[in-house]
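Subject: Structure handover

Hello,

Here is the structure for your files. My notes on what was found in it follow below.

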Amino acid sequence: MAHEAARIRVWDVPVRLVHWTVALLVLAAWMTREATRIDLHAAAGYGVLALCLFRIAWGFAGTRHARFAAFMFTPGAALAYLRDALRGRAPRYLGHNPAGSWSIAVLIACELAVTLAGIVAIAGMYRMGPLAGHVAAPLGEAALAWHRYIAWAMLAVIGVHVAGAIASSLAHRENLVASMLSGMKAAQRGDSAPVRAFRGIAVALATLLAGGAAAYAWHASQARSRPLPAAAALLPAAWRDECSSCHLAYPPCLLPERSWNALLAPGADHFGEDLALAEAARGKLQRIAATPEGAATWACWKISASVPANATPLRITATPGWREVHAALAPQSFTAPDSAGRHDCAACHEDAPSSTFDPRRIHLKSQ
Amino acid sequence: MMIRPPPFRLAAFAVLAALGTSSCFASAVDDLLQRYRTQGAGAFDAAVGAAQWDRATPNAAGGEARRCSLCHSTNLRAVGKHATTGKRIEPMAPAANPARLTDAEKIEKWLLRNCKWTWGRECTPQEKGNFLVMMRAQ
């Protein structure tokens with residue numbers, strides 16, 4: 001019975017730290033998935049990516065059960081293990097069992113893929129992150145779709161992983177959750193001593209990655225979107241002066257040229273007003289509408305891509321793209337005192353006069 | 001009807017422009033008043049202009065009756081608010097907003113657009129002149 005008390009170290013400190021930190025960061029990323037909290041969401045993502053890279057390196061430098069060499073099972077072995085587990089006679093493993101090994105490999109792959117897709121998405125859509133300015137809006141939006149698919153797949157794998165840990169704990173009467181916290185397991189016949197880790201490598205890797213991730217997260221939270229080649233300052237004065245007499249000078253890239261022509265035409269009903277523009281002034285405005293600045297932004301691409309070729313929307317808020325992006329907002333977001341109406345972009349978008357529509361510059365008042 | 005000789009007007013304009021004072025608006029308004037007189041207007045009256053400012057026209061669309069003060073406030077030195085968009089409108093009185101009444105083309109453009117919206121028709125030269133002398137006196 002003396003052997004029952006013998007405990008053996010299975011999981012080293014980096015394995016446990018990475019495990020629980022990634023778990024918390026994934027939870028944090030889930031809770032900050034709203035676009036307005038993209039700063040925190042991205043910081044969590046950078047952390048996950050950095051820890052994944054560390055974990056891969058640790059898979060070669062760590063102690064016995066941290067090493068990939070210790071859990072490189074064939075898919076057949078994993079399936080055989082699952083079959084045995086369903087019959088209630090899966091063998092107990094000191095380190096990772098074959099199914100667990102595969103779930104960890106898949107999780108690491110998912111984490112890499114989800115964070116990389118996220119980096120492409122925020123670069124294309126919000127011009128933020130390390131790839132800002134190098135990704136076009138459509139690719140950014142496609143990457144966001146993949147980011148979501150992979151995130152859901154990852155949540156499913158996490159569910160299997162947690163269920164497996166609980167089932168295995170019950171089947172073998174050892175608390176795997178507690179082991180992942182303490183690093184210890186009760187030793188059984190045949191369990192052998194751990195392999196020593198390369199401590200120097202561990203410390204250097206961890207410091208480098210943690211420092212890099214923290215520095216980058218800080219940098220990302222500081223930086224605004226990269227200045228666009230054509231932002232508010234470049235919105236032509238004629239456009240700004242004419243439009244902003246009565247309302248926000250909507251960036252012309254937010255509607256197709258034919259819509260602007262319909263709104264500027266002589267005698268057109270401009271929402272109940274006759275603009276009665278002088279010939280020269282109207283010509284100037286129409287030329288500006290024909291070559292809108294900032295058309296490369298995600299907001300402009302999103303809206304223009306959503307307008308059917310045979311439609312001539314007169315309101316930006318009537319476009320499918322605008323509606324999709326604002327669908328989740330409560331109706332009171334568009335009424336006083338929060339805003340003067342759906343047309344009042346600047347009530348929430350600090351950067352409305354440009355065409356950036358950076359989610360970090362959205363200020364919802366009552367939500 | 002007094003018509004100043006052109007050389008004097010040019011000199012006065014040059015001096016005022018050089019000074020860059022708010023007196024510049026006098027020139028733009030005076031030019032317009034002159035134009036309205038040639039279009040048949042008589043003497044302009046600030047009190048009539050004030051009455052025009054408050055004159056309400058029923059809104060065919062069913063909303064609040066339209067009047068100048070709907071957007072520009074009854075106090076011309078106060079900030080106004082666009083009736084549809086809610087956008088802030090700077091004060092109309094030159095005393096509160098020196099940029100007002102300095103550009104004849106701009107004045108004409110807005111009198112045309114806003115008379116049509118508020119009263120459903122263009123204003124007569126007489127009415128426009130009454131507005132201008134009333135506003136200038138604020």
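Cys71(B) is buried, at 11% relative accessibility; buried means under 20% relative accessible area, exposed over 50% and partly exposed in between, with a 1.4 Å probe and protein chains only. Its sulfur has that of Cys246(A) as the closest cysteine sulfur, but the separation of 8.0 Å is too far for a bond. A disulfide here is a pair of cysteine sulfur atoms within 2.5 Å.

Please keep in mind that this is a predicted model, in which local features need pLDDT of at least 70 and side-chain atom pairs count only at pLDDT 80 or more, while totals for chains, interfaces and linings use all residues. Residues are numbered from 1 along each chain as its sequence is written, chains are lettered from A and ligands numbered from 1 in the order in which they are written, and side-chain values use heavy atoms, with hydrogens and water left out.

Other cysteines

Cys110(A) is buried, at 11% relative accessibility.

Which cysteines of chain A does a disulfide join? They are Cys253(A) and Cys300(A), with 1.9 Å from S to S. This pair links distant parts of the chain, 47 residues apart: Cys253(A) sits in the loop between α9 (237–243) and α10 (257–264), and Cys300(A) in helix α12 (residues 298–306). Helices (H or I, at least four residues) and strands (E, at least two) are DSSP runs, numbered from the N terminus. Cys253(A) is buried at 5% relative accessibility, and Cys300(A) is buried with a relative accessible area of 2%.

In chain B, a disulfide joins Cys115(B) to Cys123(B), again with an S to S distance of 1.9 Å. The link is left-handed, with -95° about the S-S bond. Cys115(B) counts as buried at 6% relative accessibility, as does Cys123(B) at 9%. Over all chains, the count of disulfides is two.

Helix packing

In chain A, helix α3 (residues 38–61) packs against helix α5 (residues 98–126) at an angle of about 140°, with the axes 9 Å apart. Axes are lines fitted to C-alpha atoms, for helices over the stretch in contact, and angles run from 0 to 180 degrees between N-to-C directions. Contact means heavy atoms within 4.5 Å. Residues making the contact include Ala42(A), Gly45(A), Leu49(A) and Cys52(A) of α3(A), and Ile108(A), Leu112(A), Thr115(A) and Ile119(A) of α5(A).

Aromatic rings

There are nine aromatic pairs over all chains. Rings of Phe, Tyr and Trp (its six-membered ring) pair if their centres lie within 6.5 Å; planes under 30 degrees apart count as stacked, over 60 as edge-to-face and the rest as tilted. One of the pairs is Phe60(A) with Phe68(A), edge-to-face at 5.4 Å centre to centre and 80° between the planes. Phe60(A) is exposed at 58% relative accessibility, whereas Phe68(A) is buried at 13%.

Trp322(A) and Phe334(A) form a tilted pair, 5.8 Å centre to centre with 50° between the planes. Trp322(A) is in helix α13 (residues 320–326) and Phe334(A) in the segment after α13, 12 residues apart. Trp322(A) is buried at 8% relative accessible area, and Phe334(A) is buried at 13%. In chain B, ring pairs link Trp53(B), Trp119(B) and Phe131(B) into a cluster.

Regards
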